Amino acid sequence: MITVSIEKKLRTYGGGQALKLAAEFLTGSVTKIYGPSGAGKTTLLKMLAGLVRPEKGKIVFNGETWLDTERNIDMPPQKRKIGFVFQDYALFPNMTVREHLQYATHDDAWIQRLLAVSNMTTFTSHKPAYLSGGQQQRLAILRALATKPQLMLMDEPFSALDTQIKIVLISELQHIFNELATTVLIVSHNLSELESFDGNVLYVGNQ
Ligand code: ADP
Ligand code: MG
């Protein structure tokens, strides 16, 4: 289980907006996070990953304290065993698809499986510039999965995929997350995009 309570001032025009959140996520559960643009969804994922620090807060993952601002604990991102799918993918321009995955894991059978379930097997020697937007997005998802993370944080992960590919991929991902008992947080500004993904729903924003 992940227990989160966080307070973070957001840099907004006009100022004064804060993100306050208290939530629990069960191990192996999927939570769909939605809310208006600018509400702080991306910032929330980055705080869980340890990439952004809240003014006040506590994050406990299966009894392990990742963050406690009162006790000055802030575990670095690489120790949190997280997979992060960035909204802008953050791929390495000089690495091929296979190299992205080999950089993350030495488990070749796992790499083969990830490539197969995402229909990426024929693109293994391509660098990002030679992939379509949808292929780049799938690579970002595969790379995050390659390390078999305990916690998968996905920021608008299906925005560049057409409906057919998205439905197949979501079904494959649900199998993998079940197998690994991964706790999953998926951010989307459009909940209907995640219709076929079973999970809880969490709203982030005023109201
Ligand atoms: P969303 O993903 O919901 O669209 P964001 O989390 O990207 O929203 O941004 C919400 C607001 O927080 C924006 O106004 C942005 O300027 C601000 N913001 C982004 N990163 C930080 C940060 N590290 N610290 C404080 N404010 C931030
Ligand atoms: Mg965002």
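1. Charge. The protein carries 21 positive and 19 negative side chains, and 6 Å separates the centres of the two sets. These values, like those below, come from a predicted model.

2. Surface. Buried residues make up 47% of the 207 in the protein.

3. Overall dimensions. The radius of gyration is 17 Å, which agrees with the value near 17 Å that a compact globule of 207 residues would have. Taken along the principal axes, the box filled by the C-alpha atoms is roughly 50 × 30 × 30 Å.

4. Secondary structure and contact range. There are 5 helices and 10 strands in the protein. Of the contacts between residues at least 6 apart in sequence, 67% join residues at least 24 apart.

5. Lys-8, location. This residue belongs to strand S1, which covers residues 2–9. Is Lys-8 buried or exposed? Its relative accessible area is 16%, and the limit for buried is under 20%, so Lys-8 counts as buried.

6. Lys-8, surroundings. A polar atom of the Lys-8 side chain lies 3.2 Å from the backbone oxygen of Arg-53. Arg-53 is also listed among the contacts of Lys-8 once neighbours within four places in sequence are left aside, together with Val-52, Pro-54 and Glu-55.

Note on methods
Residues numbered from 1 in each chain as written. Chains lettered and ligands numbered in written order. Predicted model: local features only at pLDDT ≥ 70, side-chain atom pairs only at ≥ 80, totals over all residues. Heavy atoms only, no water. Helix = DSSP H or I, 4+ residues; strand = E, 2+ residues; numbered from the N terminus. Buried < 20%, exposed > 50% of the residue type's maximum accessible area, 1.4 Å probe, protein only. Polar contact = N/O pair within 3.5 Å; in protein donor to acceptor, adjacent residues only side chain to side chain. Contact = heavy atoms within 4.5 Å. Rg over C-alpha atoms; globule rule 2.2 N^0.38 Å. Lys, Arg positive; Asp, Glu negative; His and termini not counted. Charge placed at Lys NZ, Arg CZ, Asp CG, Glu CD.
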